[in-house]
Amino acid sequence: MRAELINPFIASLSNTFQTMLSCRVRRGELSLKENRRSSHEISGVIGLTGKAVGTVILSLSREVALKAASTLLLAEMTEIDADVLDAVGELTNMVAGGAKAQLEVYELAVSLPNVITGKDHEVHFPSHVTPICIAFQTDWGPLALEVGLAPVPAACAAV
């Protein structure tokens, strides 16, 4: 995973949280994702295809998911329900879409978001991709951005 592929996702996450939620994110540790378990209880998942393929995951703690949904929906959310899951999916879509705009050379298509919940749920990346996990902290709590994206070899892209 190259820096020029991950940096647009980091910038998009920061911009999305600042613009849409008035919430500043502080970047923490960056590490290779060595297992399939989620970083937090709620994960928005989006697939990416084009001249690069992979997956982006926005993994939120319960507190961050509830506060983000409350801010987006202008209503106090106190439990993880369909509205909160929709909000997490939309945030994931905004982060992926913002990064896609910065990665035009890869002609990426973004799938519809899926949201997975549960402690230690697993998300699988394409087998040839080694994902990177970036931890973030907010005033609301922790979240993580997991990105696994690899350019498609030119011979495969032409097919």
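**Helix packing and cysteines**

I began with helix α1 (residues 3–21) and helix α3 (residues 82–102), which pack at an angle of about 130° with their axes 8 Å apart. For my own reference, helices are DSSP runs of H or I with at least four residues, numbered from the N terminus. Axes are lines fitted to C-alpha atoms over the stretch in contact, and angles run from 0 to 180 degrees between N-to-C directions.

A note on the source: this is a predicted model, where local features need pLDDT of at least 70 and side-chain atom pairs count only at pLDDT 80 or more, while totals for chains, interfaces and linings use all residues. Residues are numbered from 1 along each chain as its sequence is written, and side-chain values use heavy atoms, with hydrogens and water left out.

Back to the pair: α1 and α3 are therefore oblique to each other. Under 35 degrees counts as roughly parallel, over 145 as roughly antiparallel, 65 to 115 as roughly perpendicular, and the rest as oblique. I then looked up the hand of the α1 and α3 crossing, and it is right-handed (the near helix is turned clockwise from the far one by less than a right angle).

Which residues meet here? From α1 I listed Pro-8, Phe-9, Ala-11, Ser-12, Leu-13, Thr-16, Phe-17, Met-20 and Leu-21, and from α3 Leu-91, Met-94, Val-95, Ala-96, Gly-98, Ala-99 and Gln-102. Contact means heavy atoms within 4.5 Å. By class, the contact of α1 with α3 has twelve nonpolar, four polar and no charged residues. Nonpolar covers Ala, Val, Leu, Ile, Met, Phe, Trp, Tyr, Cys and Pro, charged covers Asp, Glu, Lys and Arg, and the others, Gly among them, are polar.

I picked out Ser-12, in helix α1. Ser-12 counts as buried at 3% relative accessibility (buried is under 20% relative accessible area, exposed over 50%, partly exposed in between, with a 1.4 Å probe and protein chains only). Leaving out residues up to four places away in sequence, Ser-12 touches Met-94, Val-95, Gly-98, Ala-99 and Gln-102.

Next I checked α1 against helix α2 (residues 62–73): their axes come within 10 Å and cross at roughly 50°. Phe-17, Met-20 and Leu-21 of α1 contact Val-64, Ala-68, Thr-71 and Leu-72 of α2.

Last, how many disulfides are there? I found zero, a disulfide being a pair of cysteine sulfur atoms within 2.5 Å. The sulfur of Cys-23 is 17 Å from the closest cysteine sulfur, in Cys-133, so it is too far for a bond. Cys-23 is buried at 4%, and Cys-133 is buried at 10%.

Notes: Helices (H or I, at least four residues) and strands (E, at least two) are DSSP runs, numbered from the N terminus.
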